[in-house]
Amino acid sequence: MTNHTAQHNGYIGGELLAGIDEIVSIISGSSYVVGMTGAGMSVESGIPPFRGADGLWTKYGNPSMDGYSQFKKNPDDWWNRRTNDKIDAHIIELRDALLNAKPHAGHYALVGLEQRGAMQSVITQNIDALDEKAGLQNLIEIHGNRTKLRCIECGERVSLGDFVPMYAPDPCTHCNGLVKFDTVMFGEPIPEDVMAASRSEIDKADCVLAIGTSATVRPASGLLWIAQKAGATIIEINTTETKLTPLCEVSLRSTAGSALPLLLEALSA
Ligand code: APR
């Protein structure tokens with residue numbers, strides 16, 4: 001495993017370029033590359049991560065793990081809490097950040113990697129819809145998408161666009177089931193269709209590029225270990241070391257916003 005510490009204060013160190021070159025040679029020698037992104041991918045769009053120094057959980061404490069059972073117990077109460085702002089401070093901070101967020105150069109570089117066939121798909125743990133906004137096609141949102149509603153019975157999803165519902169939506173038009181945001185709550189199982197699609201991509205991958213994730217939350221993080229066990233080469237782009245670092249062929253200490261455009265440029269050279 002090669003550990004490359006990258007740039008400081010805008011100076012692109014030789015280390016970073018050496019790391020990019022190593023990643024280029026691995027990706028060029030791979031036939032099926034899958035990206036796995038986390039909150040760090042959207043930090044440069046103004047969305048705080050969950051863990052680490054500036055993390056929401058670090059700042060506000062870990063969230064309760066029974067969000068989903070509370071919702072199912074009394075969905076109207078859950079929606080009413082939103083209207084009278086009786087919601088947790090971390091949700092207000094996250095909601096405001098999400099409302100103003102725009103894709104950054106790193107998101108567009110992922111689209112460029114996809115368009116030139118260097119990356120076959122991306123599994124994101126982010127609910128921010130920024131990859132979709134940037135134009136990524138082969139995208140799996142394993143924790144859901146904040147701009148969609150989903151029926152918890154039949155799985156029907158409805159796009160909200162920029163509309164943010166403040167009141168309980170009508171039952172599912174397909175099956176009359178209970179409708180919630182598409183985002184996966186703590187204690188909620190990952191929808192089967194999304195989990196199956198993620199597993200199918202990981203099973204095809206001979207290289208996985210983990211970007212801005214602490215690789216701590218299952219089942220998403222478990223897919224990285226499954227891929228590595230199956231022989232895929234793991235590459236990491238992260239500002240800090242993570243639990244995944246020892247499994248990586250290359251671990252690049254850089255931000256997503258600076259490393260990914262450089263990677264696209266190097267692959268296009
Ligand atoms: N570029 C690259 N990496 C970054 C950047 C950046 N600009 N900023 C932070 N990071 C790294 C951090 O070092 C950390 O390892 O991104 C990672 C973010 O980790 P987490 O906050 O734990 O986010 P994530 O791995 O996506 O969390 C998984 O946990 O709370 C749940 O549902 C939530 O989807 C989330 C899941």
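These legends walk through several close-up views of the predicted model shown above. Residues are numbered from 1 along each chain as its sequence is written, and side-chain values use heavy atoms, with hydrogens and water left out. Because this is a predicted model, local features need pLDDT of at least 70 and side-chain atom pairs count only at pLDDT 80 or more, while totals for chains, interfaces and linings use all residues.

**View 1. Helix 1 against helix 10.** Here helix 1 (residues 14-28) packs on helix 10 (residues 256-268) at an angle of about 55°, with the two axes 10 Å apart. Helices (H or I, at least four residues) and strands (E, at least two) are DSSP runs, numbered from the N terminus. Axes are lines fitted to C-alpha atoms, for helices over the stretch in contact, and angles run from 0 to 180 degrees between N-to-C directions. The two helices are therefore oblique to each other; angles under 35 degrees count as roughly parallel, over 145 as roughly antiparallel, 65 to 115 as roughly perpendicular and the rest as oblique. Leu16, Leu17, Ile20, Ile23, Val24, Ile27 and Ser28 of helix 1 meet Ala259, Leu262, Leu263, Ala266 and Leu267 of helix 10, where contact means heavy atoms within 4.5 Å. By class, this contact has 11 nonpolar, 1 polar and no charged residues. Ala, Val, Leu, Ile, Met, Phe, Trp, Tyr, Cys and Pro count as nonpolar, Asp, Glu, Lys and Arg as charged, and the others, Gly among them, as polar.

**View 2. Helix 6 against helix 10.** In this pair the angle is about 30° and the axes are 7 Å apart. Helix 6 and helix 10 are therefore roughly parallel to each other. Helix 6 brings Ala105, Gly106, Ala109, Leu110, Gly112 and Leu113 to the contact, and helix 10 brings Ala256, Gly257, Leu260, Pro261, Leu263, Leu264 and Leu267. These residues divide into 10 nonpolar, 3 polar and no charged.

View 3. Helix 6 (residues 105-115) is mostly covered, with 8 of its 11 residues buried; buried means under 20% relative accessible area, exposed over 50%, and partly exposed in between (1.4 Å probe, protein chains only). Those buried are Gly106, His107, Ala109, Leu110, Val111, Gly112, Leu113 and Glu114. They pack against strand 2 (33-37), helix 7 (130-134), strand 8 (207-211) and helix 10. Gly117, which follows helix 6, has a positive phi near 75°.

**View 4. Helix 9 and its neighbours.** In helix 9 (residues 220-229), the buried residues are Ala220, Ser221, Gly222, Leu223, Leu224 and Ala227. Their packing partners are strand 2, helix 8 (192-204), strand 8 and strand 9. Just after helix 9 comes Gly231, with a positive phi of about 105°.

**View 5. Thr245 in its loop.** Look for Thr245 in the loop between strand 9 (233-238) and strand 10 (250-253). Its relative accessibility is 1%, so Thr245 counts as buried. The Thr245 side chain makes a polar contact with the side chain of Glu236 (2.8 Å). A polar contact is a pair of N or O atoms within 3.5 Å; within protein, one must be able to donate a hydrogen and the other to accept it, and residues adjacent in sequence count only if both atoms are side-chain atoms. A polar atom of the Thr245 side chain also lies 2.8 Å from the backbone nitrogen of Thr242.

**View 6. Asp77 and Ala168.** Asp77 lies in helix 4 (residues 75-83) and is partly exposed, with a relative accessible area of 38%. Its C-alpha atom is separated by 9.1 Å from that of Ala168, 91 residues apart along the chain.
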